[in-house]
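Let's take a walk through this one, sheet by sheet and helix by helix. Here it is.

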Amino acid sequence: MGAVLSLKNVDKKIGKAQIIQDVSFDVYPGEIFGFLGPNGAGKTTTIRMIVGLTKMTAGDITVNGHSIATDYKRAIEQIGTIVENPELYPYLTAEKNLIHFGRMSKNVTKKDINDRLKLVNLDYAKDQKVKTFSLGMKQRLGIAQAMLHRPKLLILDEPTNGLDPAGIREIRTFLRKVAKEENVAILISSHLLSEIEHICDRFAIIQEGNITQIESVSNESDLKQGVHSYYIETDNPTRAQKLIETTFPNLTITQQEQFIQLMLTKEEAGNIVTLLTSNDVVVYQVVLEKQSLEERFFEATSGGLV
Amino acid sequence: MFWSLIRNEWMKVFNRTSTYVMIGLLIVGVLITAIYTFYQQKDQQLPSEEEWRSELMQQNEEYLEQEKTTINRYIKSHAINQQAINEYRLEHNISPYDKENVWSYMESNTSLTQMIGVFVILIGASIVSLEFKQGTAKLLLVRSASRLQILFAKFATVILFGLFLLVILFMSSIIIGGSLFGFDASSTHISASNGEVFEWSRTLYVGVDYLSNSITVFMLSAFAFMISTMFRSDSIAIAISIMLLFIGTMATNILGLITDWARFSLFANTDLTVYFSGGPMVEDMTFSFSIVMLILYLSLFLTLAGVFFKKRDVSI
């Protein structure tokens, strides 16, 4: 299936400063794509260019084949977005805010507005002015606003900012559902790794205006072949270490309190457990230390973070 | 689409408390001028025919003296016009003193259009910049409506709001003034320009006067709208526009004493009643010249606003 959003060699210069350099990536229908980077790396600038608030210096951005530079109206019709904070009209009620934005798109009915309010759990507060809202409520209303006209592409800048843990969970479940059931492509920016890890299928890392890496979140292929770090907890770590050293002399073992740590393949791990249990060492747990996205992020951006 | 955009803007204007404060102040303004006028005329005795005739004749002698001695051309033309009016009154036996009625009261409260001017400038200066201040411009501009459509819907709303206030002023003046002074409209208004005398029905004159006063309001709100769109700051726009509202005409008059080029100033052309009453700032100016100048100024303001609004990156 073709990409909904496609960035090709996008550049942005302000004066002499190169803000964004040669950024390219695609986002596909039904996919949640993470846009990860430290603050000031160019996430928001890129999002501004995608929605046409800022003009790019070079390159092209297309939404379902319509260029944002030359066919803005057709391109923007398919996008729903929150850029930075969900800034809505504070003196209007939640419902009136949605009526306002609904009038700016074709075919948004009163029922759509009520549906969206229910979807984000705000129907109880629809007659309340937005200035009385908490940040979480504003965030949810912002999402309702973005989804009002059934866009093919949702762009959310830091969507869980200001939400409590329950709210974050709710938004995650909700976005996954939207991506899956309505086949919407979703682009999410964040400076939080855990956020991207929990919600996205793929992600790009942006740093000082450059995309340094694009990959999938679940890196399962590595686990099948590679050597990984294992922690083994036993009742007698010193004896365990000796046993392993005599049977597998080429392994390096470090002891950490009740744990011994060593680099193993899957098969070796199995053999070691057999060895220990057959020699009356009680094994409480074997832990595979999966390299987290966080480590990969720091690997990818090594030295670049302030 | 354009109609929906105007409805949106109208909704936003009328969901703000300040809008209702403005409407309230305007009505209070009408009440104050009406009550003041009412107490002033209550004990007033209308002078007899003999009295006002001799008064006018005496005035004319003074005006004649002025006409001969003054070097200020505004004072001179004022003296000429007043003499013409007074002679017309003497000839047709029309007393300058008249029992107050709703129309004469409304003539005296046209200055309240200045108040409308201030309010419309406030709205015109904030309608664009507020979107940037609130950050809502980001959501407003990422829709299928083009930036120019949004901008002109906003301008149209400012103008509609001005008309709305004008209707409020007109209606409340008629209701309050009418109930205090009665609706008798038999008297006439007499004006003169370049020594030529015009006799108006009161009702017509009030209508023309209000309309003419709103031209200044209209042009200045377009000006405020342009400034606020260009600089995205309402305070600069409000300060400059309100200053111009109050001293623009006076400053242009001073300029007019020095040079004929003053005719190209906006304020030399905003008051179209001068062609019937008092005469234009520069003698050979005509009604159609003023209309052309107003259209040119308006297109300049709107073009500049449009160019700036369309071009800029939104970086809030």
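## Ground rules

Helices (H or I, at least four residues) and strands (E, at least two) are DSSP runs, numbered from the N terminus. This is a predicted model, so to speak of local features pLDDT must be at least 70, and side-chain atom pairs count only at pLDDT 80 or more, while totals for chains, interfaces and linings use all residues. Residues are numbered from 1 along each chain as its sequence is written, chains are lettered from A and ligands numbered from 1 in the order written, and side-chain values use heavy atoms, with hydrogens and water left out.

## Chain B spans

The unreviewed UniProt entry puts "transmembrane region" at residues 20–39, 112–130, 151–176, 210–229, 236–258 and 287–309 of chain B. UniProt positions follow the numbering used here, feature names are shortened, and annotations may be inferred rather than shown by experiment.

Two of those spans in the model: residues 151–176 of chain B are 100% helix and 0% strand, with end C-alpha atoms 37 Å apart. Residues 210–229 of chain B are also 100% helix and 0% strand, and there the end C-alpha atoms lie 28 Å apart.

## Sheets in chain A

One open sheet has 4 strands in the order S2-S1-S4-S5 (chain A), paired antiparallel; strands count as paired if DSSP finds at least two bridges between them. S2 (17–27) and S5 (66–67) of chain A sit at the edges with a single partner strand each, so one side of each has no neighbour in the sheet. S1(A), residues 5–14, is joined to S2(A) by 7 bridges, and Lys12(A) stands opposite Ile20(A). Helix H1 (residues 43–50) of chain A lies across S1, S2 and S4, at about 115° to S1(A). Such angles run from 0 to 180 degrees between N-to-C directions, with axes fitted to C-alpha atoms, for helices over the stretch in contact.

Another open sheet holds 6 strands, S6-S7-S8-S3-S9-S10 (chain A), with mixed pairing. The twist averages 15° from one strand to the next. S7(A) and S8(A) run parallel over 5 bridges, with Asp157(A) opposite Ser189(A).

## Helix H6 of chain A

H6(A) lies across S3, S7 and S8 of chain A, at about 150° to S8(A). Its 17 residues (165–181) should span 24 Å at 1.5 Å a residue, and the end C-alpha atoms are 24 Å apart, which agrees; the expected span is 1.5 Å times one less than the number of residues.

Buried residues of H6(A) include Ile168(A), Phe174(A) and Leu175(A), where buried means under 20% relative accessible area, exposed over 50% and partly exposed in between (1.4 Å probe, protein chains only). Leu175(A) touches Ile32(A), Leu154(A), Leu156(A), Ile186(A), Ile188(A) and Ile199(A), leaving aside residues up to four places away in sequence; contact means heavy atoms within 4.5 Å.

## Cores and a covered strand

Leu175(A) turns up again in the largest nonpolar core: of its 158 residues, Leu5(A), Phe25(A) and Leu175(A) touch the most other members. A nonpolar core is a set of buried Ala, Val, Leu, Ile, Met, Phe, Trp, Tyr and Cys residues joined through side-chain atoms within 4.5 Å.

S11(A) pairs antiparallel with S13(A), residues 259–264, over 6 bridges, and His228(A) faces Leu264(A). S11(A) also pairs antiparallel with S14(A), residues 283–289, over 6 bridges.
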